[in-house]
Amino acid sequence: MGRVYNFSAGPAVLPEEVLREAQAGMLDYNGTGMSVMEMSHRSAAFADIIETAERDIRDLMQIPDNYHVLFLQGGATQQFAAIPMNLMRNGKADYIVSGSWSKKAFKEAKLYGDARCVASSEDENFSYVPDVDAIEFSPDADYVYICQNETIYGTKYPKLPDTGSIPLVSDVSSMFLSEPIDVADYGVIYGGVQKNVGPAGVVIAIVRDDLVREDVNPLTPTIMRYTTQAEAKSLSNTPPCWGIYVCGLVFKWLKGLGGLDAMKKINEDKAAILYDFLDQSKLFEGTADASCRSLMNVPFVTGDADLDALFVSEAKDHGIQSIKGHRSVGGMRASIYNAMPKAGVQALVDFMAQFERDHS
Ligand SMILES: *Cc1c(COP(=O)(O)O)cnc(C)c1O
């Protein structure tokens, strides 16, 4: 069987060129006579891999020198705890809850301090992003937390909240490296890489240096302290070597495409194919509010659960896989990450058009 168009929300599609390059080095990476999976994380070859990866992501995102780039483990979910533990000095934080992921992060933060939900879109099943201009942040909050692209509901912040001097913390898991962002707008940017950047097992955290401090919650495990990871350059213990290596290949792939400006144009192009179809369709309807649609995750429904199920099963015969929606929205969800080719989105829309003709 050949490769399919994989619309999975994560772990998700990776660029075929990257998979081929990883395959080519599988038994003998760069003349070392071993796979990256087999080599010491203290070896010169791996030092070169992680240092090059850091340089390349710094280049791609134009990360200022006063930010650390940390390659971590534990998933984005571990950062739900690491962030309050490392950042709550006054014991206070403001959370905007715009979906399941920010809701989970908010719940976790309450274990460590006084986390306050300052806005929520749960009243409309998270189909929109709260109006950030209407929010009054607590002046003594240690940080303001957002999940910038909510993977399940397919929303993205149309603009960032203005938090003044309060650091903004953003979970960018499902939009990592999909478009340029201004790193200086944030205190912490982090994400699990398995959505848009690499294989599961790596979390990248970009942390402003004034937030890497010794005076953290005293119960913070050593391995979860940003100081530990920053001082050891992510090599305090064995890092996810293979995952970091593949992320590095993806960084090179992105640079080869022309960087994040070029990637954004490609992503806008792909998303427009799908949204334009949804906007004129009489059968399918996008569930996210048009003001805050994600470029990466596109949930849609027919309004009839049986017809949705039929669509998902027939799509498979057209090489379209993992398109079933999350149970909290139902219907379908197409995750059209960086590595999803335009031809894949076109194949999906062609099939949707055919399905609509057959069922109306
Ligand atoms: C998938 C996802 C997570 C959870 O990631 P894990 O690596 O499984 O912990 C958190 N936030 C967002 C936005 C996600 O899409």
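Here is a walk through a predicted model, starting at the ligand and ending with a pair of packed helices.

Let's begin with the ligand and its neighbours. The residues around it are Gly 75, Ala 76, Thr 77, Phe 80, Trp 101, Cys 147, Asn 149, Thr 151, Asp 171, Ser 173, Gln 194 and Lys 195. Which helix gives the most to the shell around the ligand? That would be α3, residues 75-87, with 4 residues.

Now zoom in on the ligand's oxygen atoms. A ligand oxygen sits 2.9 Å from an N or O atom in the Gln 194 side chain. For Ala 76, a polar backbone atom is what lies 3.1 Å from an oxygen of the ligand. With Trp 101 we are back to a side chain, where an N or O atom is 3.5 Å from a ligand oxygen.

Next, a couple of backbone spots to look at. Going from Gly 10 to Pro 11, the peptide bond is cis, with omega near -10°. You'll find Pro 11 in the loop between β1 (5-6) and α1 (16-24). Another loop, the one between α1 and α2 (44-61), holds Asn 30. Asn 30 isn't a glycine, yet its phi is positive, at about 55°.

A further asparagine, Asn 217, belongs to the loop between β10 (203-208) and α5 (226-231). Leaving aside residues up to four places away in sequence, Asn 217 touches Met 85, Tyr 112 and Arg 225. Asn 217 and Leu 87 are 130 residues apart along the chain, but their C-alpha atoms are 8.2 Å apart in space.

Last stop: the helix pair. Two packed helices are described by the angle and the distance between their axes. For α7 (residues 259-280) and α9 (residues 342-358), the axes come within 9 Å and cross at roughly 10°. Why call α7 roughly parallel to α9? Because angles under 35 degrees count as roughly parallel, and this crossing is roughly 10°, α7 runs roughly parallel to α9.

On the α7 side, the contact is made by Asp 269, Lys 270, Ile 273, Leu 274, Phe 277 and Leu 278. Facing them from α9 are Lys 342, Val 345, Gln 346, Leu 348, Val 349, Met 352, Ala 353 and Glu 356. Taken together, the residues of this contact divide into 9 nonpolar, 1 polar and 4 charged.

Methods. Residues are numbered from 1 along each chain as its sequence is written. This is a predicted model: local features need pLDDT of at least 70, side-chain atom pairs count only at pLDDT 80 or more; totals for chains, interfaces and linings use all residues. Side-chain values use heavy atoms; hydrogens and water are left out. Axes are lines fitted to C-alpha atoms, for helices over the stretch in contact, and angles run from 0 to 180 degrees between N-to-C directions. Helices (H or I, at least four residues) and strands (E, at least two) are DSSP runs, numbered from the N terminus. Angles under 35 degrees count as roughly parallel, over 145 as roughly antiparallel, 65 to 115 as roughly perpendicular and the rest as oblique. Contact means heavy atoms within 4.5 Å. Ala, Val, Leu, Ile, Met, Phe, Trp, Tyr, Cys and Pro count as nonpolar, Asp, Glu, Lys and Arg as charged, and the others, Gly among them, as polar. A residue is near a molecule or strand if one of its heavy atoms lies within 4 Å of it. A polar contact is a pair of N or O atoms within 3.5 Å; within protein, one must be able to donate a hydrogen and the other to accept it, and residues adjacent in sequence count only if both atoms are side-chain atoms.
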